[in-house]
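Please look over the sequence and the model shown here before reading on. The paragraphs below go from the whole chain to single residues.

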Amino acid sequence: MIEKLKTIKKAHFTLTLITALFLNACNTKKENSKGNDVPTAESSVTESPYLGQKLPGLTPEIFAPGLVSTLNWEIGGVFTPDMKEFYFIREIGETDDDKKQVFMAFQYRDGRWQESVISPRVGQAFISPDGKTMHLGRRYKERTENGWSDIKSLGAPYKDMPIMRLTASSKGTYAFDEATESGNSVLRYSRLINGEREEPKPFPKEINTGKYNAHPFIAADESYVLWDGQRNDGPRNAEIYVSFRQQDGSWGEAIKLGDKINTSASEFGARVTPDGKYLFFNRNVGKVKPTDKYSNTDIFWVDAQVIENLRP
């Protein structure tokens, strides 16, 4: 797979790297800053909202090879509900010593997708279903007339928790992880009840079993939760699971997504597009060069029907 991608990606990656380093050196933090124009079909965003990419079927494919997914590391791709903005994290740099992570965006303006570097990494982004909040773990931004606000803290008790990703339902229920080095992490939720947010509670054992449970995604209608974790005694290898809400309100047993999603590599960070049509996730695709310290990770996508096929 890596050899196949090299020819496609090399030219664009070089341009992306130069642009990213220049913009990051200028410490740009403005969401409305313009980056590279990305050629797309001469159609409106409603006709081709996924960066002009060919839509996948029930077999996962790399998302936007050479455009989003490169020979370096990308994770956490999310769209805004209007499908006109796409945010993700990219690692830039040629060697292990000079690599760093930046917060990237593609924004649809004037009939074209335009790429820009927003800032250094500030957390894994999730856009609330109403499009008004960009969650960044224990922090967030709010949508304003001029773009996104400065980063704000969720306050207690979240500000002291080691949260990697926090997602929210249409009702305002939070689902988030509490990462630990030992792997004994806990996935938690917090509901809005009569306008007041309850104290976070752990999900039941159907979800909190095994090790390295992380990156939960709660569906907008709260009908299911996705997350990744390890439930075997072998080498650490993240796999993606789903639990469906039962008629009595409880959570069903964890179901591992099929072998087209979970492979011998690590798959993690699953989330579904705001229109409910596609499942995005991250996959470790191996080292680009034998001398690399870390493996490359790309963003994959697949028809969200793979989730519905598992629904009881």
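The model is predicted, so local features need pLDDT of at least 70 and side-chain atom pairs count only at pLDDT 80 or more, while totals for chains, interfaces and linings use all residues. Residues are numbered from 1 along each chain as its sequence is written, and side-chain values use heavy atoms, with hydrogens and water left out.

The protein chain holds two helices and 24 strands; both kinds of element are DSSP runs numbered from the N terminus, with helices being H or I of at least four residues and strands being E of at least two. Of its 312 residues, 54% count as buried. Buried means under 20% relative accessible area, exposed means over 50%, and partly exposed lies in between, with a 1.4 Å probe and protein chains only. The protein chain exposes about 14800 Å², and carbon and sulfur atoms supply 50% of that area. Such areas come from the Shrake-Rupley method with a 1.4 Å probe, and for residues only the protein chains shown count as cover. Among contacts in the chain with a separation of 6 or more, 49% are between residues 24 or more positions apart; a contact means heavy atoms within 4.5 Å.

Two or more lining residues come from each of β3 (74–79), β7 (126–127), β18 (211–218), β22 (267–272) and α2 (305–308). β3 gives the most, with three residues. By class, the lining has 17 nonpolar, four polar and three charged residues. Here Ala, Val, Leu, Ile, Met, Phe, Trp, Tyr, Cys and Pro count as nonpolar, Asp, Glu, Lys and Arg as charged, and the others, Gly among them, as polar.

In soluble globular proteins, nonpolar side chains tend to be buried together. A nonpolar core is a set of buried Ala, Val, Leu, Ile, Met, Phe, Trp, Tyr and Cys residues joined through side-chain atoms within 4.5 Å. The largest nonpolar core has 29 residues, of which Tyr224, Leu226, Leu279, Phe281 and Ile307 touch the most other members. Elements that each supply at least two residues of this core include β19 (224–230), β20 (239–244), β23 (278–286), β24 (296–303) and α2. Another core, of 21 residues, lies apart from the largest one, and its members include Tyr50, Phe63, Phe106 and Val117.

Tyr241 is in strand β20. Is this residue buried or exposed? With a relative accessible area of 5%, Tyr241 is buried. Leaving out residues up to four places away in sequence, Tyr241 touches several residues, including Val225, Leu226, Trp227 and Ala254. Ala254 sits in the loop between β20 and β21 (255–256) and is partly exposed, at 22% relative accessible area. The C-alpha atoms of Ala254 and Leu226 are separated by 9.3 Å, although the two are 28 residues apart along the chain.

Phe203 is placed in the loop between β17 (201–202) and β18, and is buried with a relative accessible area of 5%. Its contacts, not counting residues up to four places away in sequence, include Ala175, Leu187, Val225 and Trp251.

Some backbone details remain. Most residues other than glycine have a negative phi, and most peptide bonds are trans. Leu51, in the loop between β1 (36–38) and β2 (61–62), has a positive phi near 60°. His215, in strand β18, has a positive phi near 55°. Leu51 is buried at 3% relative accessible area, and His215 is buried at 8%. A cis peptide bond joins Ala156 and Pro157, with omega about -5°; Pro157 lies in the loop between β11 (152–153) and β12.
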